[in-house]
Amino acid sequence: MRRLLPAALLLAALLSGCGYALVGRANMLPEGVRTIQIPAFSNRTTRVELEQRVTQAIADEMVSRGGLQLVDDPDEAHLILRGVIQSFGVNPVSFNEEGRATRYQALVTAGIELLDHRNEDAVLWKNDQYVFRETYEVDPASADTFDQESRAIREIA
C-alpha cells in the first residue's frame with residue numbers, strides 16, 4: 001500500500017497538467033468570457049416549435065455547464081451563438097413482434113457558429129452540418145404514438 005500511494009500521487013500530478021478534465025468540466029472559452037447571447041435559431045424545416053425548443057435547451061446547457069450568463073442584448077454579450085436548423089426527421093428503428101415501433105430516432109441537422117463578439121465577431125467554432133441524434137423508447141400501446149414528431153422534439157431538445 002505504501003508503494004502504491006506515491007505512484008498514485010505521481011499519476012494524479014502528471015494527469016492534472018496535461019489537459020485531462022472531467023467530462024463537461026473543461027473550459028475551452030477565451031479568458032474573461034462571462035456572457036452569451038443565443039438568438040432564436042432559424043428554422044428551415046416545416047416543423048413549428050423546433051427552433052424554440054432547441055434554442056432554449058442549448059441556452060440552458062450553456063448556462064448550467066458553461067457557467068455563462070445569458071443576455072438578450074448583443075452589446076452586453078461576450079459571445080454569440082447562432083444556428084440554423086436545416087433538417088428534422090423521426091424514424092422508427094426497432095419494432096415489436098406485431099410490427100409496431102418500439103424505438104424511434106430523432107435527427108436534427110443544423111449549422112452552428114460561436115462568435116467572439118468582443119473581437120469583431122471572430123469565429124471561435126463553426127460547423128455547418130452539426131448533427132443532433134437521439135434514440136428513445138416508446139410504448140406501442142400508448143395513445144401518443146401517433147404524434148412522434150412532438151415527442152421527438154422534446155427528446156432531442
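Predicted model: local features only at pLDDT ≥ 70, side-chain atom pairs only at ≥ 80, totals over all residues.
Residues count from 1 along each chain as its sequence is written. Local features need pLDDT of at least 70 and side-chain atom pairs 80 or more, while totals for chains, interfaces and linings use all residues, and side-chain values use heavy atoms, without hydrogens or water.

Me: Why is Asp-72 called exposed?
Reply: Its relative accessible area is 72%. Exposed means over 50%, buried under 20%, and partly exposed in between, with a 1.4 Å probe and protein chains only. So Asp-72 counts as exposed. Asp-72 lies in the loop between β3 (69-70) and β4 (79-95).

Me: What makes Leu-124 partly exposed?
Reply: Leu-124 has 38% relative accessibility, so it falls in the middle class. Its place is in strand β6 (residues 122-137). Strands are DSSP runs of E, at least two residues; helices are runs of H or I, at least four; both are numbered from the N terminus.

Me: Which residues of α2 are buried?
Reply: They are Leu-50, Glu-51, Val-54, Thr-55, Ala-57, Ile-58 and Ala-59. After α2 comes Gly-67, with a positive phi near 65 degrees.

Me: How many helices and strands does the protein have?
Reply: It has three helices and six strands. From the N terminus, their order is α-β-β-α-β-β-β-β-α.
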